[in-house]
Amino acid sequence: MYAQLVDTGVKRLKTLEEMSPQERDFQQKIDAEIKIEPKNWMPEGYRRTLIRQISQHAHSEIVGMLPEKNWLTRAPNFKRKLQLLAKIQDEGGHGLYLYSAMETLGADREEEIAKLHSGEVKYSSIFNYPTLNWADMGTVGWLVDGAAIVNQVVLQRTSYAPYSRAMIRICKEESFHQRQGYQILLHLMQHGNEAQKAMVQDSINRFWWPALMMFGPHDSDSPNSAQSMAWKIKRMSNDDLRQRFIDQTVPQLELLGCTAPDPALKWNAERGHYDFGEIDWSEFYDVVKGNGPCNRDRLRTRRRAIEEGSWVREAASAYAAKQQQNNAAA
Amino acid sequence: MKQNQALFEYLLRLGDSNMILGQRLCEWIGQAPALEEEMALGNLALDLIGQARSWLEYAARVEDAGHSADELAFTRDERAYRNLLLVEQANGNFADTLARQYLFDQYHYHLLGALSSSTDAQVAAIAAKGLKEVTYHLRRSSAWIKRLGDGTAESHAKMQQAIDEIWTYSGEMFIADEVDRVLAAAGIGADLDPLQRLWEADVQALLAEATLTCPPLEQYMQRGSKQGLHTEQLGFLLAEMQFLPRAYPGASW
Ligand SMILES: [Fe+2]
Ligand SMILES: [Fe+2]
Ligand SMILES: [Fe+2]
């Protein structure tokens with residue numbers, strides 16, 4: 001999930017009786033699976049929660065370009081270089097598309113980006129891990145885009161219509177990224193030398209747990225989930241999404257001929273699911289707090305891009321203003 | 001010089017300039033002044049690297065020595081690279097990048113225009129396809145030269161400085177050697193003299209419109225890339241771009 005800890009500002013759900021007539025009307029629409037459009041009335045908490053979630057999601061797409069950029073200039077051949085560049089471009093497009101969905105809620109893109117840069121708003125913890133070998137370009141596509149899809153397929157049914165529409169469009173491209181990433185790994189495992197195969201296993205060892213953390217804390221530790229579920233912004237719990245991801249990923253892992261760094265991972269015929277070990281939550285919270293291996297780098301890069309580009313943006317507006325004046329005079 | 005040998009050299013020049021400029025533009029990802037600009041630079045890189053691939057695939061066929069386009073791009077050393085000195089220059093600030101881009105686009109546009117009617121059907125086809133993309137590249141970079149030149153005092157100063165700094169690398173493409181002469185005579189390659197006149201007129205007009213001063217056309221122009229003599233910039237770029245194929249010789253990716 002690209003939005004891991006979204007605060008709804010609500011500690012306890014209101015019952016229908018406690019709601020104002022407007023709120024009750026809204027909740028009944030949600031319950032009837034009627035999508036909310038920008039022009040419809042909505043509770044302030046719903047609007048703020050969505051802005052937080054969509055902005056986190058958009059920031060994640062943008063910051064997520066950086067770990068892949070790290071290998072773009074070292075991609076080993078034409079095919080891989082062009083694929084990787086096209087994927088990074090897609091992620092930028094997702095970011096832009098999500099920022100527009102967010103703006104339909106009255107939020108301002110620049111203000112929200114400023115919140116990202118000040119550390120007030122987060123992006124997915126996964127992008128604070130470094131990409132250390134070429135196989136990471138496969139693993140990121142396979143596991144990171146793969147985990148994102150599991151979450152986003154469900155978000156296609158989210159209650160806010162512009163967000164839902166964004167998810168439908170984005171999911172198609174994310175599935176493509178996931179397959180492309182998997183192909184990179186499969187190729188290395190099937191046609192690579194020993195060093196290349198070792199890269200793949202090393203990469204999976206490093207990304208496995210962080211990918212599982214993308215779904216956020218256990219349901220029991222997600223104080224905001226109940227309200228988000230009631231508003232149908234969220235449609236499935238963190239733990240259920242994580243289980244679904246593991247169940248569909250393990251067979252792909254086996255097909256690669258690789259292993260996960262989790263001795264507890266095994267099929268449970270009784271549950272009809274894979275059992276897996278406990279996530280190191282202290283690592284998760286450390287990374288969320290800013291202590292991941294790349295938190296500082298990622299934010300510094302984004303901040304610098306915007307700061308160093310300010311003279312360019314000023315020039316563009318000054319020029320546009322002059323043109324407008326000239327046109328008016330003509 | 002045999003025509004095939006000349007054609008191979010010529011195709012390397014075309015492919016390498018696109019490849020190296022595409023690689024430079026990739027370096028911008030994550031650092032552009034605005035998201036929309038970053039996407040535009042990325043699309044530009046996609047086009048250029050795609051064109052490089054077409055030229056080098058053809059070069060590999062003409063060479064007929066069992067090399068693939070990948071091997072030509074990702075294992076050839078600096079002295080065998082034939083890209084223009086202009087495109088290997090570092091990104092610098094946004095104005096530096098746009099100065100480099102515009103001066104190249106303006107040349108690339110006329111070059112592909114000429115090559116679209118090459119007597120070599122393959123050259124003509126690749127050029128015609130590329131021309132559509134480059135027409136757009138030129139429109140975009142021209143617009144930015146005007147915006148920055150005629151934007152704020154700061155952007156004007158930066159744009160002027162960028163043009164002045166890179167200018168010495170802008171004339172090499174018009175200095176013909178035997179390869180150019182052999183292929184121009186056969187109607188395969190472009191005649192560089194008319195190209196230069198078109199380029200000079202366009203550049204002077206655009207810089208004037210952008211309220212910028214065009215440096216003297218007769219200024220000394222750096223040269224050497226047609227013989228594989230580059231600036232110190234290229235070695236580092238190749239070290240990065242070719243790292244994997246060089247570290248794992250013969251590996252498949
Ligand atoms: Fe994405
Ligand atoms: Fe996404
Ligand atoms: Fe993706």
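Predicted model: local features only at pLDDT ≥ 70, side-chain atom pairs only at ≥ 80, totals over all residues.
**Between the chains**

I looked up the salt bridges between chain A and chain B and found a count of 3. A salt bridge here is a side-chain nitrogen of Lys or Arg within 4 Å of a carboxyl oxygen of Asp or Glu. A:Arg302 forms a salt bridge with B:Glu38, and their closest N and O atoms are 4.0 Å apart.

Residues are numbered from 1 along each chain as its sequence is written, chains are lettered from A, and ligands are numbered from 1 in the order in which they are written.

Next I checked polar contacts across the interface of chain A and chain B. The rule finds 16 residue pairs, both residues at pLDDT 80 or more. A polar contact is a pair of N or O atoms within 3.5 Å; within protein, one must be able to donate a hydrogen and the other to accept it, and residues adjacent in sequence count only if both atoms are side-chain atoms.

Which elements give two or more residues to the side of chain A that touches chain B? I listed helix H3 (65–72), H4, helix H7 (161–191), H8, helix H12 (295–308) and helix H13 (310–329) of chain A. Helices (H or I, at least four residues) and strands (E, at least two) are DSSP runs, numbered from the N terminus. H4(A) gives the largest share, 13 residues. By class, this side of chain A has 26 nonpolar, 11 polar and 10 charged residues. Ala, Val, Leu, Ile, Met, Phe, Trp, Tyr, Cys and Pro count as nonpolar, Asp, Glu, Lys and Arg as charged, and the others, Gly among them, as polar.

I then looked up the extent of the interface. In chain A, 47 residues are in contact with 49 residues of chain B. Contact means heavy atoms within 4.5 Å. The two chains bury about 4200 Å² between them, 68% of it on carbon and sulfur atoms. Buried area is the accessible area (1.4 Å probe) that two parts lose on being put together, summed over both.

**Salt bridges inside the chains**

I found 30 salt bridges over all chains. Side chains of opposite charge can pair when their charged atoms come close.

A:Lys87 and A:Glu91 meet in one of them, at 2.9 Å from N to O. Both lie in helix H4 (residues 78–103) of chain A, 4 residues apart, about one turn of the helix. Are these two residues buried or exposed? Both A:Lys87 and A:Glu91 are buried. Buried means under 20% relative accessible area, exposed over 50%, partly exposed in between (1.4 Å probe, protein chains only).

A:Lys197 is partly exposed at 26% relative accessible area, whereas A:Glu194 is exposed at 61%.

B:Arg53 counts as partly exposed because its relative accessible area is 28%. B:Glu57 is partly exposed too, at 36%.

Back in chain A, salt bridges that share partners join A:Glu68, A:Lys87, A:Glu91 and A:Asp145 into one network.

**The iron ions**

Which protein donors does the iron ion (ligand 2) have? I found A:Glu61 (OE) and A:Gln152 (NE2), 2.1 to 2.6 Å from the ion. The pair links distant parts of the chain: A:Glu61 is in helix H2 (residues 44–63) of chain A and A:Gln152 in helix H6 (residues 135–155) of chain A, 91 residues apart. Donors are N, O and S atoms within 2.8 Å of the metal (3.2 Å for Na, K and Ca); water is not among the atoms, so sites may look incomplete. A:Glu61 also bridges the iron ion (ligand 2) and the iron ion (ligand 1), which lie 3.3 Å apart. Both A:Glu61 and A:Gln152 are buried.

**Two single residues**

I looked up A:Arg242, in helix H10 (residues 238–256) of chain A. It counts as buried because its relative accessibility is 1%. Its side chain reaches the backbone oxygen of A:Leu212 at 3.0 Å. Not counting residues up to four places away in sequence, A:Arg242 touches several others, including A:Phe215, A:His218 and A:Trp281.

Leaving aside neighbours within four places in sequence, B:Gln160 is in contact with B:Leu212 and B:Thr213.

Terms used. Heavy atoms only, no water.
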